[in-house]
Amino acid sequence: MHQLSRQQARRIAVRAQWLHSDRPTDLLDLVHQLTLVQVDLTAAVAPSADLVAWSRLGAAYRPADLEEALGNQQLVEYRGLIRPAADLALYRADMAAWDRTSDMLGGWRRSNRDWVEANRGCRLDILHLLRAEGPLPAREIPDTCEVPWRSTGWTNNRNVLRLLEFMEVRGEVAVAGRQEGKGRDRLWDLAERVWPDDTVVPAAEAARIRAERRLRSLGLARQRAPESPIEPQDVGEVGEPAVVDGVKGVWRVDPDLLDQPFRGRTALLSPIDRLVYDRKRMAELFEFDYQLEMYKPAAKRKWGYYALPVLHGDRLVGKVDATADRPAGVLRVDAIHEDAPFPKAVSTAVHRELRSLADLLGLVIRL
C-alpha cells in the first residue's frame, strides 16, 4: 500500500495529464495518452477540445489539426468523446452484447434496451435511410418512433436523436463529422463506413485494457466510484493500491509515475478538462473550490460564465473569466480571480498564457 501526500498525488495527476513542464509535441500522441477528449462546442472562449489540446501543446496547436485528424479518421467521435480510432476495438464486444448486457444488469439499462426494441421500426428506417443517403444530421431524419422518449431533461421527446445515440452504442451508426456553421450538428452514417474494421478484443480483456489506460491517463483514480453511464471514474484492480494523507478511502496509482521528478508550469484549463472534471477528486486532491457556472443566473455567478481554472505547478490557484468576442476581434478578460494573491511570477505566467490563447483564437487580447 503506497502512502502518498496530497502533493505527491497532485503531481502524479498533473504528470499523467501531460500538464507538467515537458510539453508534448504531437496531437495524436496526446489523445492516446489522455484516452479521450470530451466534445463540448460552447464557444464562450473556445470549444473544450481545442482548449484541452492547446493547454498541453501550446503554440504548436491549431484547431485545424484536430479537424484534420477527425477528417482522416485517425481520431473518431464516440459517445461525445474524441478517441483514437484504434481504441474502438476495445468497445466492439460490448456493442455486440448491448442487448444481453442490458437485460442482465437491469435498471436503467434494461429500460433503455426496451425503449429501443419498442422502436425497432424506426431504427430500421434510420438504417435504410442512412444507407441510401447518409451522412445526415438528426433533424433531417424522419421520426417514425412509436414510443416517445421521456426525460426530465433537454432530450425529452427528441426521439430520433436519442435513438441514434443508442444505435451508436450498439455499433450500428457513427458520427461521420459535423455540419459547418452555427450549431455544428453531428452527421450520422452507418458505422461500417466510418469506423475501422478492427479485430474485436474479448470483453473481459477489453475492460481490463480500458481500465489500465484510464489509470495511465489519470495517474491516480478511485478503486471504486459511483457508476457513470459513459466513462467510468474508477479503475478496479489495475495499478497498485494507495492511500492519500487526509483523504478517505483506497486509490489505485500508476506505479510508473511514482517517484518521478516533477517540474510544473502554468496552464489555463477547460472547465471540463480531465484534471478537474471529477469535481470530488479535484476537491480531495487539489482542495480547489470551483463550479462551471454557465447554467447559473448571472447574478449568482462567483467566477464567470465559462471561467478557466488556473493550474500553477501542482496547485489549482484561480480562475480566469474570459470571453471571445469574435465580431469585435477581441479576447476580453473580464476578471482574474486569485484564490490567494498571485506572486509576480504566477501573474506573469497567466498573462503569457492569455496572450497565447488570444493567438490561438486569432483575437487581440483586452485586459
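What follows is a chat about a predicted model.

Q: What order do the 4 strands of the open sheet come in?
A: The order is 1-9-10-8, with mixed pairing. The edges are strand 1 (2–4) and strand 8 (220–222), each of which pairs on one side only. From one strand to the next, the twist averages 40°.

Q: And how many bridges join strand 1 to strand 9?
A: There are 3 bridges, and the two strands run parallel. Gln3, for example, has Val243 as its bridge partner in strand 9.

Q: Which strands does helix 11 touch when it packs on the sheet?
A: Helix 11 (residues 203–218) touches strand 8 and strand 10 (251–253), and its direction makes about 125° with that of strand 8. Helix 13 (residues 279–286) packs on the sheet too, touching strand 8, strand 9 and strand 10, at about 120° to the direction of strand 8.

Q: Where does Thr35 sit?
A: In the loop between helix 2 (27–34) and strand 2 (37–38). Thr35 also has a positive phi, near 70°.

Q: Buried or exposed, that Thr35?
A: Buried, because its relative accessible area is 5% and the cut-off for buried is under 20%.

Q: Switching topic: which residues does the cis peptide bond join?
A: Gly134 and Pro135, with omega about 0°. Pro135 is in the loop between helix 8 (120–133) and strand 5 (136–137).

Q: What about helix 14, how far apart are its end C-alpha atoms?
A: They are 26 Å apart. Helix 14 (residues 344–361) has 18 residues, so at 1.5 Å a residue it should span 26 Å, and the two values agree.

Q: Which of its residues are buried?
A: Val346, Ala349, Val350, Glu353, Leu354, Leu357, Ala358 and Leu360 are buried in helix 14. After the helix comes Gly362, with a positive phi near 70°.

Q: Last one, the second largest pocket: how many residues line it?
A: 27 residues line it, and Leu41, Glu67, Leu70, Arg178 and Arg184 lie nearest its centre. The space in that pocket is about 650 Å³.

Q: Which element gives the most to that lining?
A: Helix 4, with 5 residues. Elements giving two or more residues are helix 3 (48–57), helix 4 (63–71), strand 3 (75–78) and strand 6 (173–178).

Conventions: Residues numbered from 1 in each chain as written. Predicted model: local features only at pLDDT ≥ 70, side-chain atom pairs only at ≥ 80, totals over all residues. Heavy atoms only, no water. Pairing = 2+ DSSP bridges. Axes fitted to C-alpha atoms, helices over the stretch in contact; angles between N-to-C directions. Contact = heavy atoms within 4.5 Å. Expected span 1.5 Å × (residues − 1). Buried < 20%, exposed > 50% of the residue type's maximum accessible area, 1.4 Å probe, protein only. 1 Å grid on protein atoms, 1.4 Å probe; cavity = no way out; pocket = protein on both sides within 12 Å on 5 of 7 lines; lining within 4 Å. Points joined across faces, edges and corners; volume = space filled by probe spheres on them.
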